[in-house]
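Welcome! Have a look at the structure first, then try each task before reading on.

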Amino acid sequence: MAAATDVRGTELGRYLKARRAQVRPEDVGLPAGVGLRRTPGLRREELAALAGVSVDYYIRLERGRETNPSPAVVDALGRALRLRGDAYERLHELAELASGRVSELPACSDHTVRDSILRMLESVRPLPAYVVSRYNRVLAANPPGRRLLPGLWDWPEHQRNVTRYLFLHPVGRTLYEPWEDTVALSVAHLRAVAGADPDDPELTTLVGELVLKSPQFARLWERYDVCERGGGQKFFRHPNVGPMTLTYEVMRLARTGDQRMVVYQAVPGTLDEQAMLRLESADPRPEPTLVSHPDPAPEPRPARLPSPAPAS
């Protein structure tokens with residue numbers, strides 16, 4: 001009887017299979033062969049040969065039946081798959097998870113935003129800024145940050161997710177240019193943060209909905225591209241303030257369960273800055289009051305010992 005698939009290795013196997021499908025034989029110096037290939041990308045035996053492992057071992061690895069690959073094997077697979085940067089690091093993280101050397105990341109269920117973070121959102125005005133959860137749910141925003149994403153706030157609070165907005169909201173599908181590049185990065189980021197905890201309820205609900213409702217999302221999700229986003233540039237065709245190019249920075253917030261603050265800005269003295277500043281008053285509707293949550297009490301400092309008496 002075949003060995004049962006080890007659930008720890010399932011995500012690693014999926015990752016290897018998805019990345020294998022994206023490497024053409026000619027990319028790694030192999031002949032394409034004659035006739036049509038039944039599957040895209042490299043065959044299992046081709047990847048196994050490139051990585052210097054047996055075909056049987058690789059098949060067990062891809063099917064989740066082998067869960068303890070050595071670092072040398074993981075390195076060899078990464079090189080054979082031509083992985084770089086975040087994609088290479090993700091392979092090692094999934095191998096560590098499969099082996100049991102690290103535990104799964106805890107689910108990020110705390111959506112509370114501290115008072116101090118809400119004050120930060122206000123302090124950066126007129127720059128648009130908002131706070132998102134690990135899986136891109138928008139938890140709080142300053143007024144220009146709210147107006148940067150028109151229509152998102154018409155949805156119920158639990159549905160206000162940037163990735164959902166990009167694929168399912170009519171404004172979200174026209175706000176960014178090029179839309180295709182923006183959504184590809186968003187899905188790659190979601191894949192990156194999801195890798196160590198693929199069964200998180202918030203994630204599975206979001207992905208399940210998007211796979212059913214958006215063929216574009218389903219295609220990008222199956223590619224298994226990963227990218228940790230730390231900042232960049234976006235071009236907006238904003239329905240209320242017009243076109244503008246903004247740069248953005250992403251800052252992880254300590255002691256929040258992986259919340260992140262995203263802040264946009266424009267080059268001073270440009271038309272982009274003028275458009276961005278119009279977000280302060282682009283929507284005359286009153287803004288809902290942000291829910292205030294007290295900051296955690298500071299940790300007590302150790303008592304100071306009395307100074308020794310001077311020698312007489």
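**Exercise 1.** At what angle do H2 and H3 pack, and how far apart are their axes?

*Solution.* Keep in mind that this is a predicted model. Two packed helices are described by the angle between their axes and the distance between the axes.
- Step 1: H2 and H3 pack at an angle of about 110°, and their axes are 9 Å apart.
- Step 2: Angles of 65 to 115 degrees count as roughly perpendicular, and H2 and H3 are therefore roughly perpendicular to each other.
- Step 3: For the handedness, H2 passes H3 in a right-handed crossing.
- Step 4: On the H2 side, the residues that meet H3 are Arg44, Glu45, Leu47 and Ala48; their partners in H3 are Val55, Tyr58, Ile59 and Glu62.
- Step 5: Sorted by class, this contact of H2 with H3 holds five nonpolar and three charged residues, and no polar ones.

**Exercise 2.** Now stay with H2 and turn to H4. At roughly what angle do the axes of H2 and H4 cross?

*Solution.* 
- Step 1: The axes of H2 and H4 (residues 71–80) cross at roughly 120° and come within 8 Å.
- Step 2: That angle makes H2 oblique to H4.
- Step 3: The crossing of H2 and H4 is right-handed.
- Step 4: H2 brings Leu47, Leu50 and Ala51 to the contact, while H4 brings Ala76, Leu77 and Ala80.
- Step 5: The classes in the contact of H2 with H4 are six nonpolar, no polar and no charged residues.

**Exercise 3.** Which residues of H10 and H12 make the contact between these helices?

*Solution.* 
- Step 1: Start with the geometry: the axes of H10 (residues 179–194) and H12 (residues 215–223) come within 10 Å and cross at roughly 50°.
- Step 2: This makes H10 oblique to H12.
- Step 3: H10 passes H12 in a right-handed crossing.
- Step 4: From H10, the contact takes Trp179, Val183, Ala184, Val187, Leu190, Arg191 and Ala194; from H12, it takes Gln216, Phe217, Leu220 and Trp221.
- Step 5: By class, the contact of H10 with H12 has nine nonpolar residues, one polar and one charged.

**Exercise 4.** What is the volume of the largest pocket, and which helix supplies the largest share of its lining?

*Solution.* 
- Step 1: The largest pocket has a volume of about 660 Å³.
- Step 2: The lining of this pocket has 30 residues, and the closest to the pocket's centre are Arg14, Lys17, Ala18, Arg20 and Glu62.
- Step 3: At least two lining residues come from each of H1 (7–20), H2 (44–51), H3 (55–62), H10, H11 (201–213) and H12.
- Step 4: The largest share belongs to H1, with six residues.
- Step 5: By class, the lining of the largest pocket has 14 charged, 12 nonpolar and four polar residues.

**Exercise 5.** Where do Pro126, Pro178 and Asn136 lie, and what is phi of Asn136?

*Solution.* Most residues other than glycine have a negative phi, and most peptide bonds are trans.
- Step 1: Arg125 and Pro126 are joined by a cis peptide bond, with omega about 15°. Pro126 has its place in the loop between H6 (115–123) and E1 (129–132).
- Step 2: Another cis peptide bond joins Glu177 and Pro178, with omega about -5°. Pro178 is in the loop between H9 (172–175) and H10.
- Step 3: Asn136 has a phi near 75°, a positive value in a residue other than glycine. You will find Asn136 in the loop between E1 and E2 (138–141).

Note on methods. Residues numbered from 1 in each chain as written. Predicted model: local features only at pLDDT ≥ 70, side-chain atom pairs only at ≥ 80, totals over all residues. Heavy atoms only, no water. Axes fitted to C-alpha atoms, helices over the stretch in contact; angles between N-to-C directions. Helix = DSSP H or I, 4+ residues; strand = E, 2+ residues; numbered from the N terminus. Parallel < 35°, antiparallel > 145°, perpendicular 65-115°, else oblique. Left-handed = near helix turned anticlockwise from the far one by under 90°. Contact = heavy atoms within 4.5 Å. Nonpolar A, V, L, I, M, F, W, Y, C, P; charged D, E, K, R; others polar. 1 Å grid on protein atoms, 1.4 Å probe; cavity = no way out; pocket = protein on both sides within 12 Å on 5 of 7 lines; lining within 4 Å. Points joined across faces, edges and corners; volume = space filled by probe spheres on them.
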